[in-house]
Amino acid sequence: MATRRADSQRTLPLLAGCVEGVGHALARLGPADLAMPSVLPDWTVRNLAAHLVVVADSVIHLGPRPAGADVLSVAEYVTGYPDRAQRISALTHQAAVEIGEMPEALPQAFRHRWGQAWAHLDSLGPVGAVAARRGPITLDDFLVTRVIEMVVHADDLARSRPELPAPQLPPEAIPLVARTLLGVLAERHPGRSVEVRVPPVAAVQCMPGPRHRRGTPAAVVETDPTTWIRLACGRTAWADAVGAGRLTASGERCDLSGVLPLL
């Protein structure tokens, strides 16, 4: 199996489907749900919901790509996420306060902000690349990063309030995110010594070292798409995934805990 790029004609409706599913989930949250702590440190469910509103702002702030500017890959674009963690948290807390404490305020703000985002995308027209907050990037790759945001935080929301129905996302969303994050791993840590398999989505080879030429690679890591996404995004620790039987790793250099999370 090999990683594949997203079809640019499918990424926008896929993101729209994620937004719709998350919007329905937010509408089910009551005052007690919003006040509960989330699975993210120092964030309540209200903060998490507010962040899903704020994700729309990154779309609203897209501009034309500067003439002659080289575009970033997805792996290069998301590299800056850890450095901006405190800034993102501050913006999220501010948004939670501005939106207000009434339960209906969050879904209303979510619909309004994403309505502005869709209108802004329409105004950009058929562009190949855009200027985003972290630099120039193709519009399709940028939209893929927004799908990553929605999928990861929808999972955060589901794990924060497991008593409620999980956000219903398009079936293609998790495979796209898992495949993209495998590509990020391979780009950041090129090599042929370890094969990471996420069936039925994709597999990549990565990490410097001896290259296998036939048969089973010397080191193989295998897990399911959701566990891979959680590992790549820092939601699950390597040792915990292994201990729970959700990840198998065999061979020399198979322990990737030193290069995870990716975001």
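Biologist: What percentage of the residues in the chain is buried?
Modeller: Buried residues make up 51% of the 263 in the chain. Buried means under 20% relative accessible area, exposed means over 50%, and partly exposed is in between, with a 1.4 Å probe and protein chains only. Keep in mind that this is a predicted model, where local features need pLDDT of at least 70 and side-chain atom pairs count only at pLDDT 80 or more, while totals for chains, interfaces and linings use all residues. Residues are numbered from 1 along each chain as its sequence is written, and side-chain values use heavy atoms, with hydrogens and water left out.

Biologist: Okay, how many helices and strands are there?
Modeller: The chain has ten helices and seven strands. These are DSSP runs numbered from the N terminus: helices are H or I with at least four residues, strands are E with at least two.

Biologist: And how compact is the chain?
Modeller: Its radius of gyration is 19 Å, close to the 18 Å that the globule rule gives for 263 residues, so the chain is as compact as a globular protein of that length. That radius is taken over C-alpha atoms, and the rule is 2.2 Å times the number of residues to the power 0.38. Along the principal axes, the C-alpha atoms fill a box of roughly 60 × 50 × 30 Å.

Biologist: What share of the contacts joins residues at least 24 apart?
Modeller: Counting contacts between residues at least 6 apart in sequence, 73% join residues at least 24 apart. Contact means heavy atoms within 4.5 Å.

Biologist: Let's go inside. Which residues touch the most other members of the largest nonpolar core?
Modeller: That core has 84 residues, and the ones touching the most other members are L62, F110, W114, M150, V196, W228 and L256. Helix α7 (residues 139-160) gives the largest share, eleven residues. A nonpolar core is a set of buried Ala, Val, Leu, Ile, Met, Phe, Trp, Tyr and Cys residues joined through side-chain atoms within 4.5 Å.

Biologist: What is F110 in contact with, beyond its sequence neighbours?
Modeller: Leaving aside neighbours within four places in sequence, F110 contacts V19, V22, G23, L26, L52, V53 and M150.

Biologist: What about F110 and W114, how are their planes arranged?
Modeller: They form a tilted pair, 6.3 Å centre to centre with 50 degrees between the planes. The two are four residues apart in helix α6, about one helical turn, and both are buried. F110 and W114 also form one aromatic cluster with W118.

Biologist: Where is G115, then?
Modeller: G115 is in helix α6 too, which covers residues 105-124. At 36% relative accessibility, G115 is partly exposed.

Biologist: Switching to charges: how many salt bridges does the count come to?
Modeller: Ten. A salt bridge is a side-chain nitrogen of Lys or Arg within 4 Å of a carboxyl oxygen of Asp or Glu. In one of them, D33 meets R161 at 3.0 Å, N to O. D33 lies in helix α2 (residues 31-35) and R161 in the loop between α7 and α8 (173-188), so the pair ties together parts 128 residues apart in sequence. Both D33 and R161 are buried.

Biologist: What does D156 form a salt bridge with?
Modeller: Its partner is R235, with the closest N and O atoms 2.7 Å apart. D156 is in helix α7 and R235 in the loop between α9 (225-232) and α10 (238-243), 79 residues apart. D156 is buried at 0% relative accessible area, whereas R235 is partly exposed at 25%.

Note on methods
Rings of Phe, Tyr and Trp (its six-membered ring) pair if their centres lie within 6.5 Å; planes under 30 degrees apart count as stacked, over 60 as edge-to-face and the rest as tilted.
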